[in-house]
Amino acid sequence: SEKVKKGGGESSIARHTQKNRKLLVRDRLRLLLDDEDFFELSPFAGLGDIPSAGCLTGIGRINGLWCVVIANDATVKGGTAYPITVKKQLRAQEVAIQNRLPCVYLVDSGGAFLPLQSEIFPDKNQGGRTFYNEAVMSAMKIPQVSVVCGSCTAGGAYIPTMAEEAVMVHRIGTLFLGGPPLVKAATGEEVTPEDLGGARLHAQVSGCVDHFALEEKDAYQCTRNIISTLNFQLPEEEEPARRRTEEEPLYGPEELLGLAPRSYNYSLDVKMIISRLTDGSRFQEFKASYGTTLVTGFAKIYGHLVGVVANNGELLYEAALKGSHFVQLCDQRDVPLLFLQNIIIYGFMLKQAEMNSNRLKAQASMMSAVACACVPKITVVIGGCHGVDSYAMCGRAFDPNFLFLWPNARVSVTAPGHASSLLPRDSEQEEDLNRVLTEESSAFFSSGRLWDDGVILPQHTRKVLADCLDIVAQQQYQTSTEKGRSSLLRI
């Protein structure tokens, strides 16, 4: 985590701050947000090659309103967009769409990394999807504000021009399709970046931006002012009052460090974990005596009512039926769902054919219930995330609002050491496959590829869940959510 926060390293930071006279991305956030309680998403994306994928994404409060922030880090490869950068930005937009959160873009990018253009430009979920999402979000009445606080070139120039309001910083921000070198090559004309696409030009002549800022700090104050005009009616003092009345668990969340599962052949009693997450350690269990390898029930976390679905062993026939019933019950009552995922690996035997067939049918029913539930869903992988059971427990493919891993989590088609369940008997590939599973199932391998929204420490889980529940609840305060007929038309 400390390594990621250093961005592109000391020399890049010095060039960014001293030569280019720009603020570091985290300093920009300090000026923009109400406080430093920034809920960062996918900080380990691009781990090992491109720190934090060259951009910072997350959710923070601006004038009391939770907003998604997508901010380029120009100290990493000059802000150039790599395939993992695009993937991370699209995930942040998806979070904004799913939770109807206002979105703020801090643009400081050199555009796409051209040697990898085939992995960035042409496909459905590559670079162009950013602009498609902007248009769709505008049509959904999800506010978007862009701050041009650095280079904004080529395709990236459409981010501020498609946002509903745009702010640009004098002498630091530039906005054009092709920069001065391209102009000279094409026409022979020599032009400065400021004359070609500076803040004064776009504020006074082209109309591409709506607000002119002399300095960076002015731009972030201007953005805060814009957010204050959005059509949300937050209840006064509700947040402080609710936080004052919430109850701490009877058992300290710090004890979760000693409860994080390390073996995937058996499960600890998941109620020990639930009791360290919920208000007053209270938990109203549903079908307590039936399908006991899955624990379901209602609880409150920082005052928010949630339905808990937690692995407590193998997801057997009875457990999957119970899970399907409970998920549909929460959907009917508009209660958000919290999945605590720890998949236990089991083997199939011929004599168990009838039992396994029943299990398949029940798990398919649970998957259908999870996929069709319209309530917010939050998943925390506390142990194993393996095979089809992970889908029934709202894995990434089932579109949870947020998905986090504990550092001990393992994500793979089967657990390391269990490759024999996928291969013919006495296969020579077993040892090699188990080695691959060990390397590729780690939480950081997963997070580096954006299969989740971040790795969190077990003792921080309760606070993370509280923030997630605050965020998914905010959309009820938006005054106008009816879908409009078209997106905003800029001049």
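**Buried residues and a helix crossing**

Student: Is Ser138 buried or exposed?
Tutor: The relative accessibility of Ser138 is 10%. Under 20% relative accessible area means buried, over 50% exposed and in between partly exposed (1.4 Å probe, protein chains only). Ser138 therefore counts as buried.

Student: What kind of model is this?
Tutor: Residues are numbered from 1 along each chain as its sequence is written, and side-chain values use heavy atoms, leaving out hydrogens and water. Local features need pLDDT of at least 70, side-chain atom pairs count only at pLDDT 80 or more, and totals for chains, interfaces and linings use all residues, the model being predicted.

Student: How far apart are the C-alpha atoms of Ser138 and Met162?
Tutor: Ser138 sits in helix α5 (residues 128-139); helices (H or I, at least four residues) and strands (E, at least two) are DSSP runs, numbered from the N terminus. Met162 is 24 residues away along the chain, and the C-alpha separation is 8.9 Å.

Student: Which residues does Ser52 contact, leaving aside its neighbours within four places in sequence?
Tutor: Ser52 belongs to the loop between β1 (39-41) and β2 (55-62), and is buried at a relative accessible area of 6%. Counting heavy atoms within 4.5 Å as contact, its partners are Val4, Glu40, Ser42, Pro43, Ala45 and Lys88.

Student: How are α3 and α10 oriented to each other?
Tutor: The axes of α3 (residues 25-32) and α10 (residues 216-228) come within 9 Å and cross at roughly 45°. Axes are lines fitted to C-alpha atoms, for helices over the stretch in contact, with angles from 0 to 180 degrees between N-to-C directions. Under 35 degrees is roughly parallel, over 145 roughly antiparallel, 65 to 115 roughly perpendicular and the rest oblique. The two helices, α3 and α10, are therefore oblique.

Student: Which residues of α10 make the contact with α3?
Tutor: On the α3 side, the contact is made by Arg28, Leu31 and Leu32. From α10 come Glu216, Lys217, Tyr220, Thr223 and Arg224.

Student: How many disulfides does a search of the whole structure find?
Tutor: A disulfide here is a pair of cysteine sulfur atoms within 2.5 Å. The cysteine sulfur closest to that of Cys149 belongs to Cys152 and is 9.3 Å away, too far for a bond. Cys149 is buried at 0% relative accessibility, and Cys152 is buried at 1%. Across the whole structure, the number of disulfides found is 0.
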